[in-house]
Amino acid sequence: MERFFQITNKYRRLALFGWCMTSIANAQPLEKLNILQSDYPKAIYFRYVEGSAANPNIPYERWEKRWSKLDGMIVKALDEEVPGRSDEAQRKFVKYKQRNPQKLMLLHFNGNARDPNYRPSDYPARAWTYFVGTYSQQPLARNTQTIRVDDTDVFRVNHGKRAKYNDDVAIVPLTENKELNWAQAEQVQLLSINPVQSTITVKRSQYGTKARDYKNGVYLAPHVAQAPYKKSSTQSLWRYNFANLDAKEAPSLILANELLSLFKSGQALESFDGIAFDVLADSRGRKHHSRQTPIDYHLDGKFNQLDINAQSQYRLGVKQLLQKLRHSFGDNKILIADGNQLSQQREITLLNGIESEEWPNYGDPDLNQWSTGINRHRYWTQFSRTPSLNVIKIGLPNPSQNYNQEGIRKLKVAAALLTDAVISPAYKSNGKALHKWPELHSNGHYDWLGKPITTMKYYIVESKARVLISESKPRIDFTKPSILLKRKGRSIKHSIDIELTESSGVVISAEVMSHSTLAKDRISYLTLTRQEDIKLKASSWTGSSPFIARFYFDNLPKGTTTLILESDAEYLTIKNLKITPGAEIAYRLFDNGIIIANPTASAQTLPDNFLPETKIPRPLRIAKKSATLIKVKSR
């Protein structure tokens, strides 16, 4: 069983380079795409376009006219998550790209789980992730549907929030030595559970597998699954087991081959510009929200240290998938993935960027973690593979109890303009169609801002507060110009006491670097969390190249505030740490306008000497948690 987690150098070379000789089409060089040109704003459609594309009653010409205003789209064009997307919708997408080669077309693909009815024979049973299961109490005949088991509590029916579904279950034959024979596994659908009789009833021979007689009994393991995307569906999406690195059955290699075959010359997606992976996590946990039963990554029917070892290798499988795609695509295709949270993508040398499907983070309707989102996108823009392409999807925000919804939307648009990210509007603001957001066009022109004159700049509204910094616990003098921190245990962790003479916003900036002796190209996180309120957290990525990270905390109280510094880096270098009181305003100048963002909880008035070389209203007042885009000639 140890080979389950290993891949020999011979197989590794075959896995990574076996497809390099395959012809991967690229009808239009990436540098010709409008979205990669230097004019702003940059905007594309997200999956909003799919419903009408999948409707055969909507003629192509009418559909194209509706969705041709922005510079491309990210779309579901396969059936791995939503059945039917490989038909009419895909036909429209392919035709659209052929007629509009200068517009971006990325395949949206679920990197976590898939509908098992989509190409079921391609994946062996051990390519999926399962909960620790249970055993049958007797041999099993091929026509038996009701099975007496040791423990019915491991199974679930009618669960899920968005759509209800039952467990799907792998029936794994036992050998005479009571070992699990995964090569002969059968997939079944769970119909019902009878805890009183200790039985479950299943539908046999599902998903391309066949029922057999199992004279030695069976082991039954429920799939770790994702709820159906469509509310009307009852079919769950099965999670890949990227911890399985075996060259013959690793889902990362099977999936890479599958996608590469679709992008080959003459195949369905040859004209697409690349892939946007949805929910492709860097790591996965040992449990799942649907139950307390642990996950059996090692697939030996129990949870132990082998599963903990396997879980730590999940990211290696994800990297294996991305490596194989990148080696075959070269730099002719774009690869991006979700990057909202610390558990999401870190493969910055393989990916062209990230998509923030909720910005800056999930569950932050007030954008209190503004600096986290800014650091994240600045880091990926600066260090990701070129051409860099980062996307901020701006969907209908969660209701805020404190701030105007339109102001929050403007602040997210500002974040994209400040960090070179692409804007993806995903709801009608004030009833306006997606392409009619006021920031996206001027007099019918969608690149009206022109080229950026500056990078992102900062203006700190002066505060009367004075700030002192105390040594950390354990003792570190953060007033030194350069500090080297070393991990102890699972992370670097220190506390920093900041003393303010009166309430004020605080800006913390530093040049940061990190590295690991085991994974030199792996980036690490750095977080600063307010001990008094753990929801107030600011974070940044760090790596082997220096990066200026900025952390903003709004309205810290008079007196002492304790910040917890934490990183999973093996070594972390901090240089020129500065702590400045005041409210931080961010801005950027373009040929034909200025974007100014106020992420603070108070309206801010900028003085007459703010950007004196420009013709903007003076003094300029910006509402709390909002932004303004002023159309001016900046030169």
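Author: A residue counts as buried when its relative accessible area is under 20%, as exposed when that area is over 50%, and as partly exposed in between. The model discussed here is predicted.

Reader: With that cut-off in mind, are R47 and E81 buried or exposed?
Author: The side chains of R47 and E81 meet in a salt bridge, with N and O 3.4 Å apart. R47 belongs to the loop between α1 and α2, while E81 belongs to the loop between β1 and α4, so the pair ties together parts that are 34 residues apart in sequence. As for their accessibility, both R47 and E81 are buried.

Reader: How many residues apart in sequence are the parts that R385 and D331 tie together?
Author: R385 forms a salt bridge with D331, and the closest N and O atoms of the two are 2.6 Å apart. Because R385 lies in the loop between α8 and β15 and D331 in the loop between α7 and β13, the pair ties together parts whose separation in sequence is 54 residues.

Reader: Is D331 buried, partly exposed or exposed?
Author: The relative accessible area of D331 is 42%. Since buried means under 20% and exposed means over 50%, D331 falls in between and is partly exposed.

Reader: Which residue forms a salt bridge with D420?
Author: D420 is in the loop between α9 and β16, and its partner is in strand β27, 168 residues apart from it. The closest N and O atoms of the pair are 3.0 Å apart, and the partner is R588.

Reader: Which residues do salt bridges that share partners join into one network?
Author: The salt bridge between R47 and E81 was described above. Through shared partners, salt bridges join into one network the residues R47, E50, K76, E80, E81 and R85.

Reader: Which side chain of opposite charge is nearest to E355?
Author: E355 lies in strand β14, and, leaving out residues up to four places away in sequence, its contacts include F46, I336, D338 and V391. E355 is buried and yet has no salt bridge. A salt bridge would need a side-chain nitrogen of Lys or Arg within 4 Å of a carboxyl oxygen, but the nearest side chain of opposite charge is 5.8 Å away, and that side chain is K393.

Reader: Which strands stand at the edges of the open sheet of 7 strands?
Author: The 7 strands of this open sheet follow the order β1-β2-β12-β13-β14-β15-β16, and their pairing is parallel. Two of the strands have a single partner strand each, so one side of each is left without a neighbour in the sheet, and these edge strands are β1 and β16.

Reader: What angle does the direction of helix α7 make with that of β12?
Author: Within the sheet, β12 pairs with β13 in the parallel sense over 4 bridges, and A276 stands opposite I336 in β13. Helix α7, made of residues 314-329, packs on the sheet and touches both β12 and β13, and the angle between its direction and that of β12 is about 170 degrees.

Reader: How many of the 14 residues of α8 are buried?
Author: Helix α8 lies across β14 and β15, running at about 155 degrees to β14. Its end C-alpha atoms are 20 Å apart, which agrees with the 20 Å that its 14 residues should span at 1.5 Å a residue. The helix is mostly covered, and its buried residues include W370, I374 and W380; of its 14 residues, the number buried is 11.

Reader: Which residue in β26 is the bridge partner of S482?
Author: Strand β19 has a covered face, I483 and L485, and an uncovered one to which S482, L484 and K486 belong. β19 and β26 pair in the antiparallel sense over 5 bridges, and in β26 the bridge partner of S482 is K575.

Reader: Where is P387, which a cis peptide bond joins to T386?
Author: The peptide bond between T386 and P387 is cis, with omega about 0 degrees. Another cis peptide bond runs from W359 to P360, and P360 is placed in the loop between β14 and α8. P387, for its part, is in the loop between α8 and β15.

Conventions
Residues are numbered from 1 along each chain as its sequence is written. This is a predicted model: local features need pLDDT of at least 70, side-chain atom pairs count only at pLDDT 80 or more; totals for chains, interfaces and linings use all residues. Side-chain values use heavy atoms; hydrogens and water are left out. Two strands pair if DSSP finds at least two bridges between them. Contact means heavy atoms within 4.5 Å. Axes are lines fitted to C-alpha atoms, for helices over the stretch in contact, and angles run from 0 to 180 degrees between N-to-C directions. Buried means under 20% relative accessible area, exposed over 50%, partly exposed in between (1.4 Å probe, protein chains only). Lys and Arg count as positive and Asp and Glu as negative; His and the chain ends are not counted. The expected span of a helix is 1.5 Å times one less than its number of residues.
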